[in-house]
Amino acid sequence: MSSKFSGVIKLSGLDDYIAPSQACIKPVKIEKSNDSTKTTKIQIEADGSYSQISEQGEKKTLKPTKISLNDCLACSGCITTAESILIQAQSKEEFYSNLGGKKQVVVSVSPQARASIAARYNLDPLTTLKNLNSFFKSLGVSYLFDTTFARDFSLIESAMEFIDRYR
């Protein structure tokens, strides 16, 4: 069976299943008190540990929490393994590591991103695209694509599919 997805971009080792032994991103357990007038702040230390700072300035190191599989299934607010791999694969560190190497680096710019940058710097969209092109080329990017055509093509195809199904 052939896939309708692009063969150009493939990530392997993706698995959404989180086993009970795997670490959860919920880092700490916060002791709750009955006094609702007290406020505390949570601070992330340089070593990645968490500290709770009371109104009086007292600092208390928080312990990592243990989450059972039941808690994990009830939460639905964590990043699964597959999502964290995708985030790592699209990080700025990954982008910079591929520049100047043997790989061709391709950047795509959406019309929305281009418009936001143009508005921020008081430029017209065409000048913004030219400036982005110059910037990315100076970093070593092989190609910069504007995705306006792809968006328009997708809208046309969606409209045609709707018309075909409507008939």
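Leaving aside its neighbours within four places in sequence, which residues is Pro111 in contact with? Select Pro111 and look around: apart from those close neighbours, the contacts are Asp146, Thr147, Thr148 and Arg151. Keep in mind as you click that this is a predicted model.

**Stop 1: around Pro111**

Pro111 lies in helix H4, and with a relative accessibility of 11% it counts as buried.

**Stop 2: the salt bridges**

How many salt bridges are there to look for? The count comes to 3.

Start with Asp146, which you already have on screen. Its partner is Arg114, and the closest N and O atoms of this salt bridge are 2.6 Å apart. Arg114 belongs to helix H4 (residues 111-120) and Asp146 to strand S5, so the bridge ties together parts that are 32 residues apart in sequence. Colour the two by accessibility: Arg114 is buried at 13%, while Asp146 is partly exposed at 29%.

Next, go to Arg151, the other residue you kept. Its side chain meets that of Asp152 in a salt bridge, at 3.4 Å from N to O. Arg151 has a relative accessibility of 37%, which counts as partly exposed. Asp152 is partly exposed too, at 34%.

For the remaining bridge, select Arg165 and Glu161, whose side chains meet at 3.1 Å, N to O. Both sit in helix H6, and being 4 residues apart they are separated by about one helical turn. Arg165 is exposed, with 67% relative accessibility, whereas Glu161 is partly exposed at 41%.

**Stop 3**

Buried or exposed? Exposed, in the case of Phe162 and of Tyr166.

**Stop 4**

Now widen the search to the whole structure, which has 6 aromatic pairs. Zoom in on Phe135 and Phe136: the ring centres are 5.2 Å apart and the planes stand at 65 degrees, so this pair is edge-to-face. Go back to Phe162 and Tyr166 for another arrangement, a stacked pair with 5.9 Å centre to centre and 20 degrees between the planes.

Phe135 is partly exposed, with a relative accessible area of 45%, but Phe136 counts as buried at 15%.

**Stop 3: a charge over a ring**

Select Arg120 and Tyr121. What sits over the ring of Tyr121? The charged end of Arg120 does, 5.0 Å from the ring centre.

**Stop 4**

Phe145 is in strand S5 (residues 143-146), and at 44% relative accessibility it counts as partly exposed.

**Last stop: the whole chain**

Zoom out and switch to a cartoon. The chain has 6 helices and 5 strands, which follow one another along the sequence as β-β-β-α-α-α-β-α-α-β-α. How much of the chain is buried? Of the 167 residues, 14% are.

With the surface on, you are looking at about 14,100 Å² of accessible area, and 56% of that belongs to carbon and sulfur atoms. If you draw the contacts between residues at least 6 apart in sequence, 52% of them join residues at least 24 apart.

Note on methods: Residues are numbered from 1 along each chain as its sequence is written. This is a predicted model: local features need pLDDT of at least 70, side-chain atom pairs count only at pLDDT 80 or more; totals for chains, interfaces and linings use all residues. Side-chain values use heavy atoms; hydrogens and water are left out. Rings of Phe, Tyr and Trp (its six-membered ring) pair if their centres lie within 6.5 Å; planes under 30 degrees apart count as stacked, over 60 as edge-to-face and the rest as tilted. Buried means under 20% relative accessible area, exposed over 50%, partly exposed in between (1.4 Å probe, protein chains only). A charge sits over a ring if NZ of Lys or CZ of Arg is within 6 Å of the ring centre and within 35 degrees of the ring normal. Helices (H or I, at least four residues) and strands (E, at least two) are DSSP runs, numbered from the N terminus. Contact means heavy atoms within 4.5 Å. Accessible areas come from the Shrake-Rupley method with a 1.4 Å probe; for residues, only the protein chains shown count as cover. A salt bridge is a side-chain nitrogen of Lys or Arg within 4 Å of a carboxyl oxygen of Asp or Glu.
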